[in-house]
Amino acid sequence: MNCPRCQGSLEELSLGDVSTTMCPHCGFADIPVEHIRDGEEPESWRDAFNRFYER
Ligand SMILES: [Zn+2]
């Protein structure tokens, strides 16, 4: 599975009960729709991913 933006390899992540795929190259993230709300900043997900990688 490749990134629709940059065609790089996507990585699969599990955060609690949520699993998603993200691109470590350009930051694209396939975020489940139910977790997107109007006005919600994508940076909050970036922070979550950053914490995941820092562990
Ligand atoms: Zn990408």
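The mean pLDDT of the protein chain comes out at 79, and 76% of its residues reach 70 or more; pLDDT is the predictor's own confidence in each residue, on a scale from 0 to 100. This is a predicted model, in which local features need pLDDT of at least 70 and side-chain atom pairs count only at pLDDT 80 or more, while totals for chains, interfaces and linings use all residues. Residues are numbered from 1 along each chain as its sequence is written. Confidence is highest in strand β1, at 85, and lowest in helix α1 (residues 43-54), at a mean of 76.

Next comes the overall layout. The protein chain has one helix and three strands. Helices (H or I, at least four residues) and strands (E, at least two) are DSSP runs, numbered from the N terminus. Going along the sequence, the pattern reads β-β-β-α. Of the 55 residues in the protein chain, 5% are buried. Here a residue is called buried if 20 or more other C-beta atoms lie within 10 Å of its own, exposed if 12 or fewer, and partly exposed in between, with C-beta atoms placed from the backbone. As for contacts, those between residues 24 or more positions apart make up 14% of the ones in the protein chain with a separation of 6 or more. Two residues are in contact if their C-beta atoms, placed from the backbone, lie within 7 Å.

Now for the sheet. The three strands make an open sheet in the order β1-β2-β3, with antiparallel pairing. That puts β1 and β3 (29-30) at the edges, each with a single partner strand, so one side of each has no neighbour in the sheet. Two strands pair if DSSP finds at least two bridges between them.

The pairing of β1 with β2 can be followed residue by residue. Strand β1 (residues 11-15) runs antiparallel to strand β2 (residues 18-22), and five bridges join them. Among the partners, E11 is bridged to M22 in β2, E12 sits opposite T21, and L13 sits opposite T20. The two strands form a hairpin with two residues between them, and G16 in that turn has a positive phi of about 65°.

The hairpin of β2 and β3 has six residues between the strands, and within it G27 takes a positive phi near 90°.

What sits in the loop between β2 and β3? C26 is found there. This residue counts as partly exposed because it has 13 C-beta neighbours inside 10 Å. Leaving out residues up to four places away in sequence, C26 touches C3, R5, C6 and G8. The C-alpha atoms of C26 and C6 are separated by 6.9 Å, even though the two residues are 20 residues apart along the chain.

C6 itself lies in the segment before β1. With 12 C-beta neighbours inside 10 Å, C6 counts as exposed. Setting aside neighbours within four places in sequence, C6 is in contact with C23, H25 and C26. Another C-alpha separation involving C6 is the one to F28, which is 8.9 Å for residues 22 apart along the chain.

Two other residues from the stretch ahead of the sheet round out the picture. P4, found in the segment before β1, is exposed, with 11 other C-beta atoms within 10 Å. Q7 has a positive phi of about 65° although it isn't a glycine.

Finally, there is the database record. UniProt lists residues 2-27 in an unreviewed entry as "domain: Transcription factor zinc-finger"; its positions are given in the numbering used here, feature names are shortened, and annotations may be inferred rather than shown by experiment. In the model, this span is 0% helix and 38% strand, and its end C-alpha atoms lie 13 Å apart.
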